[in-house]
Amino acid sequence: MSRYREIGITGANGTVGRVLMEGLREDYSVRAITRRAVDMPSTVVAFDDIEALTGAFEGVEALIHLGANPSPDASWKSIVENNIDATHNTFEAGRLAGVKRMIFASTNHTMHGHTIRTTPETLDPDKKVRLELPDAPNPDSFYAVSKLLGENLGRLYFEKHGIEFVGMRIGWLIQENDPSTKVGTSAEDYMRAMWLSHRDCVEAHRCAIEAEVGFTNAYVISRNDRRVFDLDETERVLGYRPQDNSEAWFR
Ligand SMILES: NC(=O)c1ccc[n+]([C@@H]2O[C@H](COP(=O)([O-])OP(=O)(O)OC[C@H]3O[C@@H](n4cnc5c(N)ncnc54)[C@H](O)[C@@H]3O)[C@@H](O)[C@H]2O)c1
């Protein structure tokens with residue numbers, strides 16, 4: 001028996017959303033919620049309209065909020081509209097609609113101030129770190145700042161309204177699922193550390209739906225040998241046990 005059966009996914013037509021729509025639909029009733037008509041059945045709604053959003057979330061028990069501008073290079077203007085205002089509206093409408101758990105697409109970039117060299121894609125070889133979940137965030141971009149705001153909205157709505165929250169600090173999931181597409185590029189190190197396979201992504205979100213938890217963040221990466229995120233606490237809190245390892249693609 002699942003903890004929650006009625007799942008809503010915002011941004012369901014994006015890269016992560018398509019993986020989750022496909023991977024979760026066997027065990028859950030999954031509803032796509034998008035800002036435009038897309039090539040899948042979807043509830044279309046304006047994310048700047050809290051009343052309309054509340055209607056769109058009616059009956060949703062656990063809401064996976066993916067809808068956002070996912071670029072670390074995004075301008076402040078775009079971040080405010082798509083990642084801050086739209087996220088606030090999603091939380092508020094979720095509360096009004098009676099959503100019980102928010103599962104929020106945060107990002108590895110909330111921590112990358114600790115690790116990067118010149119760009120968000122280049123790990124600093126002099127900074128051999130293994131970051132633990134309670135370590136202080138160190139955002140590398142306006143994008144990362146917006147995701148920390150989302151995590152903090154999650155804390156506020158949990159403390160004030162009792163809405164459960166899991167903040168998913170997702171690593172790097174790509175449509176083709178093959179991390180070796182970055183071989184020889186400046187992004188190779190970063191990919192080897194941060195890769196998230198499609199099946200581990202589905203499993204992490206299944207754990208985020210099912211775990212007995214009030215508020216937590218989580219590192220959502222595969223079991224990469226070169227990971228810079230420590231997975232122990234995430235495994236303990238969510239029961240997430242990733243199976244894939246990016247190194248298998250580089251031999
Ligand atoms: N792909 C990754 O590796 C990765 C890593 C870390 C975090 N994330 C996060 O996961 C989520 C999904 O990422 P993705 O790679 O699938 O991106 P994507 O660009 O493929 O999909 C994003 C979706 O969000 C929607 N969207 C954008 N602005 C919106 C708004 N204002 N209101 C409602 N919907 C809006 C888009 O229409 C699209 O459907 C994002 O929040 C992103 O920040 C992704």
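**Notes on the sheet, its helices and the ligand shell**

1. Let's start with helix H1 (15–24), which lies across strands S1 (6–10), S2 (29–34), S4 (62–65) and S5 and runs at about 165° to S1. Angles go from 0 to 180 degrees between N-to-C directions, with axes as lines fitted to C-alpha atoms, for helices over the stretch in contact. Contact between two residues means C-beta atoms, placed from the backbone, within 7 Å. Helices (H or I, at least four residues) and strands (E, at least two) are DSSP runs, numbered from the N terminus.

2. A word on the model: it is predicted, so local features need pLDDT of at least 70 and side-chain atom pairs count only at pLDDT 80 or more, while totals for chains, interfaces and linings use all residues. Residues are numbered from 1 along each chain as its sequence is written.

3. The sheet is open, with seven strands in the order S3-S2-S1-S4-S5-S6-S7 and parallel pairing. At the edges sit S3 (43–44) and S7, each pairing on one side only. Strands count as paired if DSSP finds at least two bridges between them.

4. Now for S4. Four bridges join S1 to S4, with Ile7 opposite Ala62. Another four join S4 to S5, where Ile64 faces Ile103 across the pairing.

5. H4 (residues 142–161) has 20 residues and reaches 28 Å from first C-alpha to last, close to the 28 Å expected at 1.5 Å a residue (1.5 Å times one less than the number of residues). Its buried residues include Phe142, Tyr143, Leu153 and Tyr157. The buried residues of H4 pack against helix H3 (76–97) as well as S5, S6 and S7. Gly162 follows H4, with a positive phi near 75°.

6. Finally, the ligand: 22 residues surround it, the closest being Gly11, Gly14, Gly67, Ala68 and Ala105 (near means a C-beta atom, placed from the backbone, within 6 Å). H1, H3 and S5 are the elements that give two or more residues to this shell, and H1 has the largest share, three residues.

Key. Buried ≥ 20, exposed ≤ 12 C-beta atoms within 10 Å, placed from the backbone.
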